[in-house]
Every structure is written in structure tokens, then in C-alpha cells.
Amino acid sequence: MNIGKADLSITLGVEEEFFLVDPDTRDMLADPDPRIFEYCQEHAGPHKVVPEMLRSQIETNTRVCNSVAEVRDALGETRRLVCDAAAGRGAAVIASSTHPFAVWQAQLTTPRKRYEDFEMTYQEAVRRYLVGGMHVHAGFGDPDARVRVMTALRRYLPILLALSTSSPFNHGNNTGYKSYRLCLIGVLPRTSMPNALYSATDYEQLLDNYRRMNFISDGSELWWDIRPSQHYPTVELRICDLCTRLDDAMCIVALYACLIRMLLRQYHAGRLPEEPLTEIIAENRWLAQRYGVLGFLGNTDDGGRTDIADLVAQMVETLGEDAEALDCERELRHALEIVANGSGADRQTDHFRLRILEGDSDREALVSVVDQILAETRSGI
């Protein structure tokens, strides 16, 4: 089947959820100056900035972008916006999926009925929910194509997670996980890995079943690792931690876009690969959550276990044609640097251990970790 260029077009947009911290104590700000949000909304331009469930968080939504290069510009603009808004208003911004030592008991909820209802339903599970993430929207194809490609993307989600990990600490503890965020998310229903769906009808029938039983009101209450967007003609990647560095975030965007383009080509040619068992993908997801880029994942094609470094190198080579077409070879190859030098989670734990060796107390070392995250959040913007 011949595929026209328009058939492979992809639009992109990124949501990032940041923490606001006190520049002096480096702790999360339970009740930040509302002028931060006012400044962001006044200067957002084509982007959006919205409050999150916790007052100590702020979420940015980039404009719709037509290329990976446009996403880089847009993310630079939104990150600069929130950093500038916080500066001089008693706050600073960190891009990390957990705060190294903040405690949930000190946080305040944004006064909105939706959040109040959420807390009433999920109780302490949501009160402990001190997490931020990065969601990447990709618009392409028709509804059936989006659902089929979404299903085919599932096998790659553990690698995308491993490259993005930035949440090794929680409540002052080194958790042993590279993405402890997923542990906190996992106590809620309708999270984790969706089962295989093969058409838009499959997805709509599932939604209908949820609604008939009054479990949900719409698809926005399916908090899967990847899902069709309720409001836009996109597939939303949700598994990733919030990347501390802009370059790491752009690597995730490029890798996601390249995978979609490759799978979309295979879909149109009738050559999408057979789906692995959901349980096996979920096992790889846990390994990525626990070990990050140091993990050995189950090989869904040949069996056995394979070093993530080898899997990433193979992916970069396989996606070369798509990276060239999307003009994002540099961003894609950055995945090799993350594997070689570590993700945000690796940098945090390495810095913590170094400060302990230098004589810091645990608290002093954790404060120093926040300083490192602050510097990395502003780097490259």
C-alpha cells in the first residue's frame, strides 16, 4: 500500500507538572503566592498554565506543535515562564516526579470541587499523591489507527519510563526505585498497563461498560500509562516521570514520535507485530520502575533478558529512517547518552551518596539534591 506523506504526519504537545519550592528551605511551598499563577496565565501566549490538585504544583501545557523542533521551542518557553513567574515571588521550580523530602501531611489542596470529590473518594491514597509527571500527546491518523498504534506502543513503554525516571526519593527516603512515582500512582484504580485493544470500537465498548456501572463519567478517568485522549484526537503517553533536563524531555518526545511513525507505517502496510502478553509487558514495566536504565528487560521477541542499553541501541538504529524524516536524529540519539550517563533519578541518588561521603547529614544531602534539581530544571532553557 502506498502511503502519502500526509498519512504519516504527527502533531505533538506536552504537559509538565512541576513542584514549587521555598528557595530558602527547599521544601515544597504548601501555599505559594497566587501571583505566580496570575503571571503565568497573563504571559502564557499560545500555551496554557493551570493549577494542579496540590497548591504546591503548577502544570504547563504547550501549544500544538507540528515538529519535534517546535516542541523544543515550546518546552523552553513554558519552563522559562514558570521559572520566571516563581522568581521574585518567594518560590522556585523543580522538574522532578517526587520531591526528595517533602511530606504529604503539610500540603494543601487547591479549592476546587473536582479535587474535593477526588479526595473524598480515594482518601489517604490521594492525600499521599505528591507526584508530577510528563504527558506527551501525539495526534495522527484516524481513531482506529490511533488505537492500534497505541496497543503496539505498549511493549516500548518500559524503555520510555526507564529513560525518564526522576523519582528515587520519597518523604526523605531513598526508596530503591528509580520511579517511585509509579508506586504512588498504582494504588489508584484504572492505572498501569491497558490490555490490548484493536479498534476504536473496542475502546468505546470498554468505556460504555465502565459508564454503565457508574465507575467513570468519561475517558479522562482512565489513568492508564497510555490512552486515547478524551478531549483531543491524540494518543497520550502518561507513563513517564517528569524529566529534570530539557534535553532528556526532548529525547522522550523524539523517541515517542519516531515509534509512532514506524508503527503507523507498519499499520498501513498490515505488518504490525503480534502483541506480547500484557503480563510480560507489565513485568518489564516493574523492572524499569525499579532499576531504570540499569535494568535487564524480558525480551518479548526472543525470550531471556536483555540489557536496556542494548535495547536502546537497537531502537535508535531501527528508528533511523523515522528520525531522519522527523528531523530529530540528535534528540533520538540522546537516549544513548542517558543510558551511558544515567537518568535524572541516577543523578539524584549519585549526588546524595556523594554528599553523605563528604560528611553531610541525610537532611543536608537531600537539600543539596534539591539544589541540583533546581539547577538542572533551568539548564537549557
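## Helices α1 and α2

Helix α1 (residues 35-43) packs against α2 at an angle of about 140 degrees, and the two axes are 9 Å apart. That angle makes α1 oblique to α2. The model described here is a predicted one. Two packed helices are described by the angle between their axes and the distance between the axes. The handedness of the crossing of α1 and α2 is right-handed.

On the α1 side, the contact is made by I36, Y39, C40 and H43, and on the α2 side by L81, V82, D84, A85 and A86. Sorted by class, this contact of α1 with α2 has 7 nonpolar residues, 1 polar residue and 1 charged residue.

## Helices α6 and α9

Helix α6 (residues 157-164) and helix α9 (residues 246-268) have axes that come within 10 Å and cross at roughly 170 degrees. An angle over 145 degrees counts as roughly antiparallel, and α6 and α9 are therefore roughly antiparallel to each other. Their crossing is right-handed.

From α6, the residues in this contact are L160, L163 and S164, which meet I252, L255, Y256 and L259 of α9. The contact of α6 with α9 has 6 nonpolar residues, 1 polar residue and no charged residues.

## Burial of α6

How many residues of α6 are buried? The count is 8 of its 8 residues, and the helix is mostly covered. The buried residues are L157, P158, I159, L160, L161, A162, L163 and S164. Among them, L160, L163 and S164 also take part in the contact with α9.

## Three residues of α9

V253 lies in helix α9. V253 has a relative accessible area of 0% and is therefore buried. Leaving out residues up to four places away in sequence, V253 touches L12, V14, V71 and V136. The C-alpha atom of V253 is separated by 23 Å from that of N195, and the two residues are 58 residues apart along the chain.

A257 is also placed in helix α9. Its relative accessibility is 1%, so A257 counts as buried. With residues up to four places away in sequence not counted, A257 touches I10, L12, V68 and L326. A257 and A282 are 25 residues apart along the chain, and their C-alpha atoms are separated by 22 Å. R261 is found in helix α9 as well. At 13% relative accessibility, R261 counts as buried, because the cut-off for buried is under 20%. Aside from neighbours within four places in sequence, R261 is in contact with L8, I10, E321, D322, A325 and L326.

L12 is touched by V253 and by A257. I10 and L326 are touched by A257, and I10 and L326 are also in contact with R261.

## Helix α13

Helix α13 (residues 329-341) has 13 residues, which at 1.5 Å a residue should span 18 Å. The C-alpha atoms at its ends are 19 Å apart, which agrees with that expectation.

Which residues of α13 are buried? They are E331, L332, H334, A335, I338 and V339. These buried residues pack against α2 (68-86), α6, α9, α11 (308-318) and α12 (320-325). Of these partners, α2 also packs with α1, while α6 and α9 also meet each other.

Most residues other than glycine have a negative phi, and most peptide bonds are trans. H171 is not a glycine, yet has a positive phi of about 55 degrees. The residue sits in the loop between β6 (169-170) and β7 (173-174). The relative accessible area of H171 is 26%, so H171 is partly exposed.

N214 is another residue other than glycine with a positive phi, here near 60 degrees. Its place is in the loop between α8 (200-212) and β9 (223-224). Is N214 buried or exposed? At a relative accessibility of 69%, N214 counts as exposed.

How values were computed
Residues numbered from 1 in each chain as written. Predicted model: local features only at pLDDT ≥ 70, side-chain atom pairs only at ≥ 80, totals over all residues. Heavy atoms only, no water. Axes fitted to C-alpha atoms, helices over the stretch in contact; angles between N-to-C directions. Helix = DSSP H or I, 4+ residues; strand = E, 2+ residues; numbered from the N terminus. Parallel < 35°, antiparallel > 145°, perpendicular 65-115°, else oblique. Left-handed = near helix turned anticlockwise from the far one by under 90°. Contact = heavy atoms within 4.5 Å. Nonpolar A, V, L, I, M, F, W, Y, C, P; charged D, E, K, R; others polar. Expected span 1.5 Å × (residues − 1). Buried < 20%, exposed > 50% of the residue type's maximum accessible area, 1.4 Å probe, protein only.
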